[in-house]
Each structure stands twice: as C-alpha cells, then as structure tokens.
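Student: I am new to this structure and would like to study it by question and answer. May we begin once it is shown?

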Amino acid sequence: MAAASLDLQGLLARLDPTADVAQRHIWLIDVFDWLRGDRTSPQAAVGRVSLLLDAVEARPELRGRLRAWWRAFTQAVDLTTLLADYGFAPRTAFVSELTERLRRKILPGTPETTDASDLFRMVLPGAFDAGWIALLDDAQLARIGNLLADAALDDDGAPRWRHTVMDAVTYCSSQVVAAGFSPELRLRMSAASESRAFHALMSDLDALREQMFRAPRDEDALQAAFLAFRDRLDACRASASSVYTHLEDNGISVGLVFRLRQLRERVLRIRELLDCLISPAPAPSVARLVGRLVLAGGERNSIRALIASNSSMLAAKVTERSAETGEHYITRDRASYLQMVRKAAGGGALTALTVLLKFGIYSLALSAFWSGLWSGLMYAASFVAIQLLHLTLATKQPAMTAPAMAARLRDIKTDAAVADFVDEVANLVRSQVAAVLGNVGLVVPAMLALALLVQFALGRPLLDAAHAAATLQSLSLAGPTALFAALTGVLLFAASIVAGWTENAFVLHRLDSAMRYNPRIGAFLGAARARRWATFMRTHISGFASNISLGLMLGLLPAFAGFFGLGLDVRHVTLSAGQIAAAAASTGMAVLQQPALWWAVAAIPVIGALNVSVSFYFAFRLALRAHSVSLGDRARIRSAIWARWRSRPISFFLPA
C-alpha cells in the first residue's frame, strides 16, 4: 500500500493543466495504468479508485488543478464523436474493415490527438476496464462527478456535458434516419410496418432538446417529450425489423443485414445516452455507458469478432437456401427409402460412364492443368446429367441436408422438440446409407460391364497391367486415401456453399422474375418459353451451381496442388469404387489373389464415411452458427442422439 501511495503521489505531482495535448493525454493513460495495477483483480482496481479520490479530495489545490485539467481536456477533445460513433464499423466491406483493424493492431497509436475515439482506445483498451468500472458503487461515482463538475456553464446555463450528450443523440438519430431513408431498407419494409416514424424522429428530438434546456425546466413537459421521442424511436426500430421478413422470403444480403444491425445498435446507444440525460442521478448511467463503450471498442478492434460476425451473416445467407434444397434428400418412410435406393442406383450407373470418360481423358496424356480442366468439366457435365435425370449422387447430400436439419433447431427448448430432431437425424443417416449403397452397389457391376465391353470392342483391356496396378495402389487404405477422402468432404461442403450463395443471389436479385417478364428476354425466347425457363432455373439453379463447382474442384485441385508440390488428390466414394472395378476387370481373375485389390476394397467404406461425415460436419456447424444455437442446447442434442444409438441402433440404417 505504501508503494502504491508513493506511485500515486508521483502521478499527482505530474498533473499539469497547462501542459501540451500529448503530455496531458500521457498523464491520463498513466493514471488508468496505475488504477488497473497488475490486472488480476477488478476489486483491487476499485480500491485504487478510492485511494485516488481520497488523495485528491484531501488537497484543495490539487482539486483545483484537476478541474482545470478536465476543463482543458474537454475543450481540446470533442467527446461527442466518441459517444455517438465509437464501436460502430463505418465499412460494410469485409476486406477493408479487416485491413483497418490490422492497421490498428500493427501500427502504434499516438496520444498527441484530439480524436476522442483514438484516445479512448489507448486509455481503456480492454474488457478488464469494463469489469472494474461496473463495480464502482454510487458513492464513488458521486465523488467522481463532484470532482469533475465543471463550474463553467454554457450560455443557456446548462452544464456543458449535457450539451455534449445531446449532440451525440442528435448524431446517432441522424444516422438512424439516414438508414431508414435508404432505398435498400425502405423498399423492403412491410406495408404494415412502413410508417412515418423516420420522418418525425428528428422533430421529436428537437422538441426534447427544447424541453431539456428550457429555463426554468418543466419536468412534466420534459418527461412527455422524452416518452414521445422514445416511442418514435421504437417505431423506427420496429419498421426496420420488418425487413428481416422480406429477407427470409426473398434472399439475404450481407450488406442489408449489416445496416440493420448497425441501426439496432444505434438505437440502443441513443437509449443509453438518454438515460444519462434524463436520470436524476446520472453518474451510474454514465458509468454503464463507459463500460459499454469499452466493450464495444474491444469488439470493434477484434479481428476474431469481425470474422465471427461476417461468418454468421454469410451462414444465414447460405443455409436458408440450402435448407430448402436439403429437405428433398431426407427420407422418412419405407417407400421414400426404397425410392432413394433406386435413384442412387441410377446415379451409380451413370457414374460408371463418368469413370470410363475419366480414363479416356488420362489416355490423351495432356498436361496437368488441361487434364484437370477437362476432367472437371466432364465431372460437372456428369453431375448435372444426374441432377436433370432426377437421380442421386450420395456424397452431395450431406452438405445440403445439414442446413435443413439445423433449421429445425430454431425451437428446441422442449424435450419433445429434441426427440423430433433425433428422429430427423435417424432419417438423415438412413438416407445417406441408402444413397451410398445404391451408388456403390450399381457402379461396380456397371463398370465391370463397360470394361468388358471395351475389351471386346478393342481387343485389349481398358487399362494395361501397369496402370491397373497403379490405380489399385493409389486407392489403397494403407496410403493417404483417408486424408484425401476427408479433403474431398471439404470440397463437397464448399460446393454446397457455392450452391447456397448462388441461389440466394438468384432470389435476392429476382432473376427468375427478370427472366419471366423482361421485355428483351421475352422477345428473344417468347413469353411461354421465358416462363418455363424462369421456373426451370429457379428450381435447378442451386443444383447447377453445386454440381458445376464440385466437378471443377474435383478435377482442378490435384493440378493446382501439384503446381505447389503438395501431392494432394481427391477420393470420391462412387468414383473410387468405379475405378477399382475398372482396374479389377482389366487385370482379370488373377486380381482376386492380389492384396492390393482387398486393400483398395477396404478403403471404400472409409472413403464413403469420411466424404459424408466431413461435409455434413462443416455444413451443420455453419447452420448452427446461422441459427445461433446455444452450447447448452448442443449438449442436449448430443446426449439425445447417443441415447437413441444405444437403444435403437438399427433405426439409423433401416426404416421401421
């Protein structure tokens, strides 16, 4: 305590109201460093506040110097911008905002500034400060207010700080009105919610300002003006919230969601500022506001918070559309289960032709890039053909079905809701099992038949002995096959992201309506054909985006990885099964005695499991973030699923 007092005496001796801006601000930074101490105990910081107050109050000369310092500080630094704008990101673009936050972290700040936001960031940099400020009691806050009370009043006799706070309310309100008047939000407000609230907000604020600074003050009139402005502010917020309904039905825009969140935060900031003005004892409200500013500044400077916020908006943007598509891939009874097997068998048969074309492209001995590009285009064409023929490729399902599953977690508070969700998990797993079995069960005999047909037509095997052996060796479970299968699961998830983003953009920009009613398109296609194409594209745009992007990624990833010397490859369960069948048919019956065949066959269930589980895991996590499912609810869900697995494991594989 003696050492602390000695440090405090040195700090107080350096207090100089006539010092330049930089020295005054350095003194302020040092005072708060002393208050924080070793940053291990907020209670200790509160105790140091009492020490500081005792030391200043015991010396009238020091009290006068502190008030003179505070007067000089408030005249040099505009606190209005701090109160109105601190913690709000001015940029909607992720890259520019990320660059700005990196700049703040890398480049040091200077106390020689009149920007209150920059100075506040140096004086109160972290959440620890918000913690000890929240612990200050009313007596300490009152003592701080008395010490900093400015004897100088403005021309109307009101304390200067009230004008500062009211100006901050004005700035925030103007931002709210500007957002409400922007065409992006105004045109998307529902007819019932769209009102004149934004038009009248500033006039209500002028009435509140007039009552706030009227002398003598009429408390009843002030309270009436405050209630009128607060109700108008709530009406503005309700009108803006109606935009979310439009976004759910017509596509989500990250820029619009950003503006809506900013508007909501501005409204909350205005209410916090009004608490400071209206409260008969403003000190606690001011302390809460300062604590909120500290937390807002920490989030504003955090790269992790920026990534989390943007990923949440992107997750909502992608998963809402993918959830609609994913519902079609979940079977819930025996009839739909058998139908899934039939569709998957058809997809497996068509994949056998895809494998044959892949070996044909490899036989051309093209360079790595061109071989990968033509393979990717061939994969994309094959996947699109499977889609248009209403067949199924098993591994594409999980990334689409995960958002549909997570959409059911919006209301998961009751045990019955958890049980219903577990039922859906069992339905989903059964659907994946049926699809994988259908794909693999038919791609193998179809590929064997194609290989024998080629051998009969050409008089030689589809693959020579060396290439057949290399194919089996590359697919062996003893090699990096499991790693490549997991990587393919990531590509499947990435394809679902592309699909969700593309469909959301298609819906958001109303391209189906443009195709249906645009005069130029109608003149070129004809009205009837334009309507058919609009309906067709609205139905299939997600599948086209997913299939084309997945095909190109499967073909080009090995080429790009080889350019950097990484040696990565892809392992898709249906394609891999077809390649094994082709290699076995080319080798003949002797292949049954080769361990390489059985090592490759053993890899098939591993590839299928990793393709499905990895893509589903990432898609499900993304959907959970989009729907803001709490950690507690996630734990309840895991427990319920394990309980179902222990009691009825067969329900995950076969329908009742």
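Student: How many helices and strands are there in the protein chain?

Tutor: This is a predicted model, in which local features need pLDDT of at least 70 and side-chain atom pairs count only at pLDDT 80 or more, while totals for chains, interfaces and linings use all residues. Residues are numbered from 1 along each chain as its sequence is written, and side-chain values use heavy atoms, with hydrogens and water left out. Helices (H or I, at least four residues) and strands (E, at least two) are DSSP runs, numbered from the N terminus. Counted in this way, the protein chain has 28 helices and zero strands.

Student: What is the mean pLDDT of the protein chain, and over which residues does pLDDT stay under 50?

Tutor: pLDDT is the predictor's confidence in each residue, from 0 to 100. Its mean over the protein chain is 85, and 88% of the residues reach 70 or more. Where pLDDT is low, the predicted coordinates should not be read in detail. The stretch where pLDDT stays under 50 is residues 1-6.

Student: What percentage of the residues of the protein chain count as buried?

Tutor: Buried means under 20% relative accessible area, exposed over 50%, and partly exposed in between (1.4 Å probe, protein chains only). Of the 656 residues in the protein chain, the share that counts as buried is 47%.

Student: Which residues of helix H21 are buried, and what arc do they cover around the axis?

Tutor: Helix H21 spans residues 465-474, and its buried residues are Ala 468, Thr 471 and Leu 472. They lie on the same side of H21, because the arc that they cover around the axis, taken from the directions from the helix axis to the C-beta atoms, is only 95°. The face turned away from this buried side carries the exposed residues Ala 466 and Gln 473. The buried residues are thus Ala 468, Thr 471 and Leu 472, and their arc is 95°.

Student: At what angle do helix H2 and helix H7 pack, and how far apart are their axes?

Tutor: Two packed helices are described by the angle between their axes and the distance between the axes. Axes are lines fitted to C-alpha atoms, for helices over the stretch in contact, and angles run from 0 to 180 degrees between N-to-C directions. For H2 (residues 21-36) and H7 (residues 116-123), the angle is about 30° and the axes are 9 Å apart.

Student: Which residues of H2 and H7 make the contact?

Tutor: Contact means heavy atoms within 4.5 Å. From H2 come His 25, Leu 28, Ile 29, Phe 32 and Arg 36, and from H7 come Leu 119, Met 122 and Val 123.

Student: Is Cys 276 buried or exposed, and which residues is it in contact with?

Tutor: Cys 276 lies in helix H14 (residues 254-278). Its relative accessible area is 1%, so Cys 276 is buried. The C-alpha atoms of Cys 276 and Val 286, 10 residues apart in sequence, are 5.8 Å apart in space. Leaving aside neighbours within four places in sequence, the contacts of Cys 276 are Trp 161, Pro 282, Ser 285, Val 286 and Leu 289.

Student: Is Arg 430 buried or exposed?

Tutor: Arg 430 is placed in helix H20 (residues 415-458). Not counting residues up to four places away in sequence, Arg 430 touches several residues, including Thr 331, Tyr 337 and Phe 652. With a relative accessible area of 7%, Arg 430 is buried.

Student: What is the phi of Ala 365, and where is Ala 365 found?

Tutor: Most residues other than glycine have a negative phi, and most peptide bonds are trans. Ala 365 is not a glycine, yet its phi is positive, about 55°. Ala 365 is exposed, with a relative accessible area of 67%, and is found in the loop between helix H17 (334-362) and helix H18 (368-388).

Student: Is the peptide bond from Ala 215 to Pro 216 cis or trans?

Tutor: Pro 216 is in the loop between helix H12 (197-212) and helix H13 (219-250). Omega of the bond from Ala 215 to Pro 216 is near -5°, and the bond is cis.
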